[in-house]
Each structure stands twice: as C-alpha cells, then as structure tokens.
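Take a look at the sequence and the model below. Then read on, one step at a time.

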Amino acid sequence: PGCARILTAWFSSKERGTYWGMWNVAHNMGGFLAPIIAGTAAKLYGWQWGLWAPGTIGVIMGLLILIGVKDSPESAGFDPVETKE
C-alpha cells in the first residue's frame, strides 16, 4: 500500500512507530469529523451539501497530497533517511 511505502521511505526505523501511530489517528479523526461536517452542512445548506461538503474536502486533500508528496527524501532534495551499510 501507498502509506507503507511513504512512511518507510521518509522516516527512519526508530521514528516509524510514532508516525504509524499518527497515521492511524488520522483515520479515526476523519471518521469522527466526517459526520459532523456532513451533518452541519446538510442542516445549514440542505441535504445536497451534506454530500458535497465532505466530498469536496476529500478531493482537495487528495490533490494536495498528489502535489506535495514526493517519492523519497532524495527526490525532494533531502539527505537519505537511512544509509545502507
């Protein structure tokens, strides 16, 4: 999966557990916030916006990730995370 590839390429083995934990929290936060955002949008602007609001946020976040995430630290101009000995 893509998340495993990104986390493995960008973080050393000593710090990887911390960032895996943050990744898993992000899923839970999304599950918590999505109904709140959808419900609020539906209540304020009509049921159609209950569907459009979370979808729009998802598309925008997906585009930002596509634009911002690089294959490896080296491709972004940084030093390698771990050197092979």
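How confident is the predictor in the protein? The mean pLDDT is 90. Of its residues, 98% reach 70 or more. Confidence is lowest in helix α1, residues 2-10, where the mean is 85. Confidence is highest in α3, with a mean of 94. Where pLDDT is low, predicted coordinates should not be read in detail.

Start with the packing of α1 and α2. Their axes lie 10 Å apart, and the angle between the two helices is about 145 degrees. The crossing of α1 and α2 is right-handed. Which residues make this contact? From α1 come Cys-3, Ala-4, Leu-7 and Thr-8. From α2 come Arg-16, Tyr-19, Trp-20 and Trp-23. Sort the residues of this α1 and α2 contact by class, and you get 6 nonpolar, 1 polar and 1 charged.

Now move to the next pair. Helix α2 covers residues 16-45, and helix α3 covers residues 47-68. The axes of α2 and α3 come within 7 Å and cross at roughly 140 degrees. On the α2 side, the contact uses Ile-37, Ala-38, Ala-41, Ala-42 and Tyr-45. On the α3 side, it uses Trp-47, Trp-49, Gly-50, Ala-53, Pro-54 and Ile-57. This contact of α2 with α3 has 10 nonpolar residues, 1 polar residue and no charged ones.

Next, zoom in on the loop between α1 and α2. Ser-12 has its place there. Is Ser-12 buried or exposed? Its relative accessible area is 16%. Buried means under 20%, so Ser-12 is buried. What does Ser-12 touch? Set aside its neighbours within four places in sequence, and Ser-12 is in contact with Val-81 and Glu-82.

Finish with Gly-21, which is found in helix α2. Its relative accessibility is 30%. How far is Gly-21 from Leu-51? In sequence, they are 30 residues apart. In space, Gly-21 and Leu-51 are 29 Å apart, C-alpha to C-alpha.

Technical notes: Residues numbered from 1 in each chain as written. Predicted model: local features only at pLDDT ≥ 70, side-chain atom pairs only at ≥ 80, totals over all residues. Heavy atoms only, no water. Axes fitted to C-alpha atoms, helices over the stretch in contact; angles between N-to-C directions. Helix = DSSP H or I, 4+ residues; strand = E, 2+ residues; numbered from the N terminus. Contact = heavy atoms within 4.5 Å. Nonpolar A, V, L, I, M, F, W, Y, C, P; charged D, E, K, R; others polar. Buried < 20%, exposed > 50% of the residue type's maximum accessible area, 1.4 Å probe, protein only. pLDDT = per-residue confidence, 0-100. Left-handed = near helix turned anticlockwise from the far one by under 90°.
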